[in-house]
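Welcome! Take a look at the sequence and the model, then read on.

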Amino acid sequence: MNNMSQADPNKKYTIWTWILSIAIPVVVAILFRVRIPNAEPLIYLPPIYATINAVTSILLVLAVINIKRGNKFLHEVFMKSCIVLSVIFLGMYVAYHMTSDPTPFGGTGILKYVYYIILVSHIVLSITVIPLVLITYVRAITGKFPQHKKIAKITFPIWLYVAVTGVVVYLMISPYY
């Protein structure tokens, strides 16, 4: 019994961080290939989830401003809101792609290269940011604030980049829907 009470309580968080960090991209990749037969395309979702990305960007910046001002409560509210918005975004994004064919980018020349550079970096970093967000969050909820602050300095710019480039990708491809 004493061994159980002395077990590292963070171990369960570490296991869940690994599971979610691997499962989320794998499940999204699998669902990306699944088409719901005879489903009406959810064409109204892209502007909604682009707006969610924009709001997430704003809230991330507000969270950093508030923690720098010492307002831990608002920082926590904004960060938890960003996590919730990211989960909602992911659900809508998957639902859209399960009901709609991919939209090819119709731009040409240098614009096409810029689009694909932004898109690929957005996708790669959106996968990378999952464990970073989870680790950062766990360090906060377990009271490991020096470690939280250290990783948050890495997580924040990547998460902000992913959120902003999500909007940019949407704006660049929206004329081709």
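Let us begin with the second largest pocket, which has 23 residues in its lining; Ile-67, His-75, His-148, Lys-149 and Ala-152 are the ones nearest its centre. Please keep in mind that this is a predicted model.

- H6 provides the largest share of the lining, with 8 residues.
- The space in this second largest pocket comes to about 800 Å³.
- Sorted by class, its lining holds 13 nonpolar, 4 polar and 6 charged residues.

**The largest pocket**

- The volume of the largest pocket is about 1200 Å³.
- A total of 46 residues line the largest pocket, and Phe-89, Leu-90, Tyr-93, His-122 and Ser-126 are the closest to its centre.
- At least two lining residues come from each of these helices: H2 (10-32), H3 (45-68), H4 (72-99), H5 (109-141) and H6 (145-173).
- Which helix gives the most to the lining of the largest pocket? That is H5, which supplies 12 residues.
- The lining of the largest pocket is made up of 37 nonpolar residues, 8 polar residues and 1 charged residue.

**Putting the two side by side**

- H6 leads in the lining of the second largest pocket, whereas H5 leads in that of the largest pocket.

Key:
Residues numbered from 1 in each chain as written. Predicted model: local features only at pLDDT ≥ 70, side-chain atom pairs only at ≥ 80, totals over all residues. Heavy atoms only, no water. 1 Å grid on protein atoms, 1.4 Å probe; cavity = no way out; pocket = protein on both sides within 12 Å on 5 of 7 lines; lining within 4 Å. Points joined across faces, edges and corners; volume = space filled by probe spheres on them. Helix = DSSP H or I, 4+ residues; strand = E, 2+ residues; numbered from the N terminus. Nonpolar A, V, L, I, M, F, W, Y, C, P; charged D, E, K, R; others polar.
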